[in-house]
Amino acid sequence: MKTPAIVILAAFALVFGGCQEKKPSEDKIIATRYVPERPQAPIAMPADSQVDSTQWQGSTYYVKVLRTPIDSVMVTADNGQKYIDNRCRLIITRQDGSKFIEKTFTKNTFLSYVNEPFRSGGILAGLRFEEVANANLVLSAVIGMPDAVDDLFVPLKVKIDGQGGLGISVDDDMGLLDYEERNDEEMQ
């Protein structure tokens, strides 16, 4: 009969041993603290070049656009991240290789067509040939917020006439995304 007594004593030891007050752990609790992300080195869009050919004024024209970062021109996003702005060089040549027009565009070229947030915080994201319309070569340009250029941008049209005259306008057909209107909608 020793066996049941041992079992009963073991059960009491487990029950009463489990009810003992536990001593506070002497393990140290390590709390992590929030460290905000630091901005990276300035971010630049890659250099890019495009060449398109089109029939215009009874001849073939070649429209070349070269986009390059301007290391000396930067904007800073709300989070402190710096972005390098771009310049786009447009070279239009005739079929015989002679130059019709050569012009360099920067964000400053378009300042009077964009509102304040894009003037101070936007970059020239690109310029590209679109079409021939009403005897003009039509290109599109984009001034956008560098950290959200796909969402926050101002689309512009650049028209070049047969004498090399230049006209710039906001491209209403693309649905201008106004930075201030978008912020108002997000607040509601």
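**View 1. The hairpin of β1 and β2.** Strands β1 and β2 form a hairpin with two residues between them, and Gln-57 in the turn has a positive phi of about 55 degrees. Strands here are DSSP runs of E with at least two residues, numbered from the N terminus. Welcome to a predicted model, in which local features need pLDDT of at least 70 and side-chain atom pairs count only at pLDDT 80 or more, while totals for chains, interfaces and linings use all residues. Residues are numbered from 1 along each chain as its sequence is written, and side-chain values use heavy atoms, leaving out hydrogens and water. Nine bridges join β1 (residues 48-56) to β2, and the two run antiparallel; strands pair if DSSP finds at least two bridges between them. Look for Ser-49, whose bridge partner in β2 is Leu-66.

**View 2. The hairpin of β2 and β3.** Five residues lie between these strands, and among the residues of this hairpin Gly-80 takes a positive phi near 90 degrees. Twelve bridges join β2 to β3 (residues 82-94), again in an antiparallel arrangement. Lys-64 has Ile-91 in β3 as its bridge partner.

**View 3. Arg-67 in strand β2.** Arg-67 is found in β2 (residues 59-76). Arg-67 is buried (under 20% relative accessible area, 1.4 Å probe, protein chains only). Arg-67 has no salt bridge (a side-chain nitrogen of Lys or Arg within 4 Å of a carboxyl oxygen of Asp or Glu); Asp-48, the nearest side chain of opposite charge, is 4.6 Å away. The Arg-67 side chain does reach the backbone oxygen of Ala-125 at 2.9 Å.

Methods. Helices (H or I, at least four residues) and strands (E, at least two) are DSSP runs, numbered from the N terminus. Buried means under 20% relative accessible area, exposed over 50%, partly exposed in between (1.4 Å probe, protein chains only). Lys and Arg count as positive and Asp and Glu as negative; His and the chain ends are not counted. A polar contact is a pair of N or O atoms within 3.5 Å; within protein, one must be able to donate a hydrogen and the other to accept it, and residues adjacent in sequence count only if both atoms are side-chain atoms.
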